[in-house]
Amino acid sequence: MSSLAALLELFEQKKISRREFLNRTAALGLMATVSPALFPGSAEAGGPKSGGRLIMGLTGGSTTDSMNPATLTSNMNQNLNWQIRNNLVEIDHNFDPIPELAESWESTPDAKVWRFKLRKGVEFHNGKTMTAEDVVYSINHHRGEKSKSGAKGYLKAIENIKADGQYEVVFTLSGGSADFPFILGDYHLSICPAGTQGQEWEKGIGTGAYVLESWEPGVRAFATRNPNYWKEGRGHFDEVETLSIVDTNARTNALKTGQINYMDRVELKTVHLMKRMPGVNVTATTGTAHYTIPMLVDRSPYNDNNVRTALKLAIDREELLKQVLRGYGEIGNDHPIAPVNRYFNDDLEQRRSDPDQAKFYMKKAGMLDHTFNLHAADAAFAGAVDAAVMIQEQAKKAGIKINVVRDPDDGYWSNVWMKKEWCMCYWGGRPTEDMMFSVAYANGAPWNDTNWNNKRFNELLVAARAELDSTKRGKMYAEMQEICRNDSGTVVPMYNQMVEASSDKLAHGSISGHMAVDGMRNAERWWFK
Amino acid sequence: MKNVLLLVGKRSLASLVTIFVISIIIFIGVELLPGDVAETVLGQSATPETVQAFRQELKLDLPPHVRYGAWLKDLSHGDFGTSLANGRPVAELIGWRFANTLFLAGMAALIAVPLAIVLGMLAAFYRNTFFDKCISIVTLSFISFPEFFIAYILIALFAVQLNIFPSMATINESMGLGAKIYAVLLPALTLTCVVTAHMMRQTRAAIINVLSKAYIEMAEVKGVRRLRIIMLHAFPNSLSPVINVIALNLAYLVVGVVVVEVVFVYPGLGQLLVDSVAKRDIPVVQASGLIFASAYIFLNLMADVLSMLVNPRLRQSQQ
């Protein structure tokens, strides 16, 4: 490396020409390690250019945030995580798993044993080379009794992880899982150096495109380009500054006055005004995120499917979409699989508001006199209370009585959700059918927020998970969506779009709907024009 | 002078007891809130297993009095402990934020206090005239609006339309004093609008009260000019109540500005306290709460001391 450093110095002092520098580094076989920042004009015409400082204003940041991958709970630390770290697998904008730190992978025909080949020569920011040991450590951080990770549930199926040599990792699962690579694309499962613990997580040592320089939870993070970044065609900014701006008006003003050049969660009530602002682009992306209204089906009267069907029919989804989301979304069909998911069932009939039918089913259940308590707080999603009140009015047309119970935002997820019989809720969605159904609809899943238990559905879930034939899986998932729509305890009134705004000086490729903020990877994927 | 020292000594001892009691009240208060740090940090993604693991890691499974005792013991050694949510030392979390809070409060006070006193004197001088009523109406209108409303108006005007001040008051260590003052001018103006009316009205009322005294009448009879009467005779004698109101407002500037912090994205102590209460991060809540309590106690003590010093009768008398 010393000869490269010497060449760099000569080049920077203009003692050798750019061409000579390139020739000599190429002769050393070192080109891959040279920062593209040295050659501002070297990007292809029209392609990404490097340079500049991306300044983002993001929601959700809190002074209690941590960079421990087990507890990445806000937009701010999830985004920062992928500025500075990588996963084994990346999920691209088509919802396909593509190699990241893993170069390739293969499984046994029963999808039970998965072998991942790692990329060689990738260095962490502290100079350590990434090996199988780091991968095993990073994944095990989310497993076992002592783990407090949000990804613990996904990894239950793993029976054993072991390193096979320095650059191969073998996962043995308790049952077949065709979508296993997707799981490794989950934002919690980023790869950190083996042995990281306690306050060391906050240093943010990873293999990512940017090196963390400073990080103050709930305030600001600052990262600079990783000169050793291994991924080609990614990580174009010189610096990335991430600001926690909780207040929507403050974010909007900061974007308008040029103090930031990217913001998430645009206020839908004023988005039409924002679109008229000069120099600002608004992007709306449909992803897997959706609003739900789960009922606990093991409690009366929600244990009667007539009641559930009646309530599903009484809700006017189009009106909710228009009023609550100002049209920035799509109506839902009472199952959690989004139109962007691979096996979305196009043939399933869309459920629409039908007061007569709703009344018919409610009468059949003998519950027309019952008053249904619908619990709501804006902690579930922005506009949840308004939505609940609208549903109350819509149900009146079918003669169904709903009482909206306003709960405090504080502690909503621990005191109301999964505890009250019927409440407003939000799901970010999952990139695969299996993950979504397993996490919230399978019998016994910890976040099965309706306590729903459908035998046929649960059988199909296990069968589809191990099925490597795509057509057969597609059929099974189609049937599961139908069962879910007709029998489950969840109303899925709509999918919400992720609406974000940026300076028109920024350029980008296709925006991913996998997570908000271009799959939380805008710092790596975007560039300045 | 002996009186003053005696007061300071007595009050300091009483303050220690007050702070101790406050720490117990804060602890019980946070304990009474539903949920704990494990549940609130994990939020929607909490499962019984992960919550349990989290609790054991943080020793939250111990009974409350044991945890309070451990905290008190550490505190007596000068250790504020570490945040439950992200393991950072509380002193590190609070130190620079408290400095930021004091800086903003100081800036606001530098503008608001002289402004309020001058306006109050003018209002007393021109009392019951159109001018007096104008001052009252304007300052009272400002205090009647919610803080964030004034903040948004100022931002819309000075940041978005005129583009002369930044809409976000982000400051950091590398900035010079001038740059910092420039950055916090809009939030400081917002706070000025909020606190001026109270102090101005008190100054006006106190001066008018003194103006009815016999010795003022004597001065008038002797032909002293009215402005001179107010500046040299009435105002010094009305300082005591004014000082108390100023102290209350200064305390408010230190502890009550979280809304302004959020609107201007200013990293102060208020946001830290709100976030930690929301996450039930007891050590951080305790430390911030105690700092706020100390600020109140200190400012009130200062007000009493100053009232004594400006009043010769209190200064001299033996208790």
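**Entry 1: helix α3 of chain A**

I started with helix α3 (residues 75-84) of chain A, which is mostly covered: 10 of its 10 residues are buried. For me, buried means 20 or more other C-beta atoms within 10 Å of a residue's own, exposed means 12 or fewer, and partly exposed lies in between, with C-beta atoms placed from the backbone. Helices (H or I, at least four residues) and strands (E, at least two) are DSSP runs, numbered from the N terminus. Among the buried residues of α3(A) I noted A:M76, A:L80, A:W82 and A:I84, and A:N75, A:N77, A:N79 and A:N81 are on that list too. What covers them? I found that the cover includes strands β1 (53-58), β8 (210-216), β9 (220-225) and β10 (239-244), along with helices α16 (516-520) and α17 (522-525), of chain A.

A note on the model: it is predicted, so local features need pLDDT of at least 70 and side-chain atom pairs count only at pLDDT 80 or more, while totals for chains, interfaces and linings use all residues. Residues are numbered from 1 along each chain as its sequence is written, and chains are lettered from A and ligands numbered from 1 in the order in which they are written.

A:D518 has a positive phi of about 50 degrees although it is not a glycine. A:M520, also a residue other than glycine, has phi near 65 degrees.

A:P301 lies in the loop between β12 (280-294) and α8 (305-314) of chain A.

**Entry 2: domains of chain A**

The domain assignment of chain A gives domain 1 (3-34), domain 2 (86-202) and domain 3 (290-496); such bounds come from an automatic or database assignment. Taken over C-alpha atoms, the centres of domain 2 and domain 3 of chain A are 32 Å apart. Their contact takes 14 residues from domain 2 and 15 residues from domain 3, where contact means C-beta atoms, placed from the backbone, within 7 Å.

**Entry 3: chain B, overall and against chain A**

I counted 15 helices and 0 strands in chain B. Its C-alpha atoms fill a box of roughly 85 × 60 × 35 Å along the principal axes. Of its 319 residues, 40% count as buried.

How many residues does each chain give to the contact between them? Chain B gives 40 residues and chain A gives 38 residues. On the side of chain B, α2 (37-42), α3 (48-58), α7 (147-161), α12 (258-263) and α13 (269-278) each supply at least two residues.

**Entry 4: α6 and α8 of chain B**

I finished with helix α6 (residues 130-144) and helix α8 (residues 177-211) of chain B, whose axes come within 7 Å and cross at roughly 135 degrees. Axes are lines fitted to C-alpha atoms, for helices over the stretch in contact, and angles run from 0 to 180 degrees between N-to-C directions. α6(B) and α8(B) are therefore oblique to each other; under 35 degrees counts as roughly parallel, over 145 as roughly antiparallel, 65 to 115 as roughly perpendicular and the rest as oblique. In the contact, B:I135, B:T139, B:L140, B:F142 and B:I143 of α6(B) meet residues of α8(B) including B:C193, B:V194 and B:M200.

Note on methods
Contact = placed C-beta atoms within 7 Å.
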